Amino acid sequence: MRLPLKNRLLIYLYILLAVIFMVFPFYWIANASFHPESELFNTKNIQWFPDFTYLNNYIDIIQKKNFLQYLINSFFIATGTTIIAISVSSLAAYALARIRFGASKYILGIVLGMSMFPPIAIISPLYLMVQKVDLLNTFIALLFPYIAFTLPFSLWNLTTFFKGLPKELEESADVDGATPFQTFYKIFLPLVSPGIFTTAILVFIFAWNEFLFAVTFISNDSLKTMPVAIVGLPSEYNVPWGQISAAATISTIPLVILVLIFQKRIISGLTSGAVKG
Amino acid sequence: MSTLAKQKAKWGYIFVAPAVIVIFAVAIYPLLSTFYLSFTHKDLLDPTSDGFAGLSNYKKLFSDILFWESLKNTLIFVVFSVIFELIFGLGLALLMNSAIKGRGIIRAVALIPWAIPTVVSATMWLWLYNDQWGFINILLTKIGIIDHYVAWLSDPNLSLFAVIFSDVWKTTPFMALLILAGLQMVDQSIYESASVDGASKLRQFFSITLPMIKPTILVALLFRTLDSFRVFDLVYVMTSGGPGHSTEVLSLYAYKTLFKELNIGYGSALAVAIFILISIISVIYVKVLSSREEI
């Protein structure tokens, strides 16, 4: 079905506007990070393009504000969350999808209900628990809530992937006398690796971006994660926009690259649940 | 049940055990504790304050002006952000669907606002809204919509809508991607026969496209409604609820009560209220979704 040329041009004009609208806000703060503050605060002479030779804002946040440490902390906690959450949820998803047992339908129901949980509804008892076992200011305190909050999504996603595999797989495994764990680990896990990979990216992004638990459970400066560190950059007397824009940019670029490389997988991972209902 | 099946069922329980333990320890037990704490006077500043409070926290809640104010702000935030996300998201999805070339690029671009950490996007919008150097002021004065720079976030009449606008920016592309996935499931041959029958494009949209993607839209609306109801990071970073309490949403008010005032008892009652409101919204959506499936 070919539209008339005029309509097609109009569609592309709208698309261009939409793309500018989606990209410009991030472009504008990334652009700011490559200029001295004196230029940012001069609205008579607007700097439309980044000056990639001006790196003082980046040098400042790394040398004066120790920002690499926060990025490493975030990377560490996000990686840990991803590994553990994926192990726990792929094992459970396999059982829910491929093994018949009494409690399985209740578990999926509870998990689906959990996906609507507001974090604020559980944060104070969790804080008291973490305080009691003396785990405030540790990454472990963040690990458990992050696993719990990504579990509904990853369990749901992975269960769909495991369900999509043919029934003959178990039969041949039974004939070979494999234990259920071997069947899971050696036969099923390699087959759902695309699904695991997609889910892992989404879990990683969640943990990388999370703010509420991170700001509540970690007050020790050297253990802060990236989002908490960014929020902490302005002081009472001074808002260092140059440094803030550099921190915002450096924290987002890895995600943007990740998303652009794996966009097809991410989109299918995000939308599969909604489309199938 | 054969012995093999029984054997397997046992393994089923073993495999789900870690997930179930996490769910109980980190979600269900704390949720029940929040209910319990909401009936106490627990106050972190005063260790002797553990006593049973009965319903007094809930009585306080009903007469607390700040609770009603933050509920009102939350509802405004939810309704406006979800409506605008739906309208723009639908438009964007239709655009993406009709773009023959470059659909991949625009889909990739649409993921950028979604992937940006909320704290970063909030910071970004603080910079855009800045009352002295912000691009929005520069742009709007240049094209003559305003004649002087506006302090978008310090004006109690504007601040909530300024925050809503930045939420719409961040989440519309996600909405569009969900709707696009729904659009791509619609069988193209239906449109061809409709064109043969002489149905106009507009007519085709309302009598074919919209009914076909309605379930996808409802699921997307459910996700977005629940998500925007618990909004926290965006408001915390952009305004901390101010100026005054003009952008204070429920999650933020509960958070401040719990961790700034250290009033765990009353803060828990607020948290329970949020939980109940979210449950009601979910039940309504699920009812609508399942009644549709029965037809």
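Accessible areas in this account come from the Shrake-Rupley method with a 1.4 Å probe, and for residues only the protein chains shown count as cover. On that basis chain A exposes about 13,100 Å², of which carbon and sulfur atoms supply 66%.

The model is predicted: local features need pLDDT of at least 70, and side-chain atom pairs count only at pLDDT 80 or more, while totals for chains, interfaces and linings use all residues. Residues are numbered from 1 along each chain as its sequence is written, chains are lettered from A and ligands numbered from 1 in the order in which they are written, and side-chain values use heavy atoms, with hydrogens and water left out.

Chain A contains 14 helices and 0 strands, where helices (H or I, at least four residues) and strands (E, at least two) are DSSP runs numbered from the N terminus. Chain B has 12 helices and 0 strands.

The overall dimensions of each chain can be set against a simple rule. The radius of gyration is taken over C-alpha atoms, and the globule rule is 2.2 Å times the number of residues to the power 0.38. A compact globule of 277 residues would have a value near 19 Å, but chain A has 23 Å. For the 295 residues of chain B the rule likewise gives a value near 19 Å, but the chain has 24 Å. Along the principal axes, the C-alpha atoms of chain A fill a box of roughly 75 × 70 × 35 Å, and those of chain B one of roughly 80 × 80 × 30 Å.

Burial is defined by relative accessible area: buried means under 20%, exposed over 50%, and partly exposed in between (1.4 Å probe, protein chains only). By this criterion 52% of the 277 residues of chain A are buried, and 55% of the 295 residues of chain B. A contact means heavy atoms within 4.5 Å. Among contacts in chain A between residues at least 6 apart in sequence, 75% join residues at least 24 apart; the corresponding share in chain B is 66%.

A nonpolar core is a set of buried Ala, Val, Leu, Ile, Met, Phe, Trp, Tyr and Cys residues joined through side-chain atoms within 4.5 Å. The largest such core has 194 residues, and the members touching the most others are A:Phe67, A:Phe162, A:Phe217, B:Phe67 and B:Trp114. Helix α4 (residues 67-98) of chain A contributes the largest share of this core, 15 residues. Leaving aside residues up to four places away in sequence, A:Phe217 touches several residues, including A:Ile123, A:Tyr127, A:Leu142 and A:Pro145.

B:Phe39 lies in the loop between α1 (3-37) and α2 (56-63) and is partly exposed, with a relative accessible area of 27%. Among the residues that B:Phe39 touches, not counting those up to four places away in sequence, are B:Phe52, B:Leu55 and B:Tyr58.

The loop between α10 (233-238) and α11 (250-259) of chain B holds B:Pro243, which is joined to B:Gly242 by a cis peptide bond with omega about -5°. B:Ser240 is found in the loop between α10 and α11 as well; its phi is near 50°, a positive value in a residue other than glycine. B:Ser240 is partly exposed, with a relative accessible area of 39%. Further along, B:Leu262 lies in the loop between α11 and α12 (264-294) and has a positive phi near 60°.
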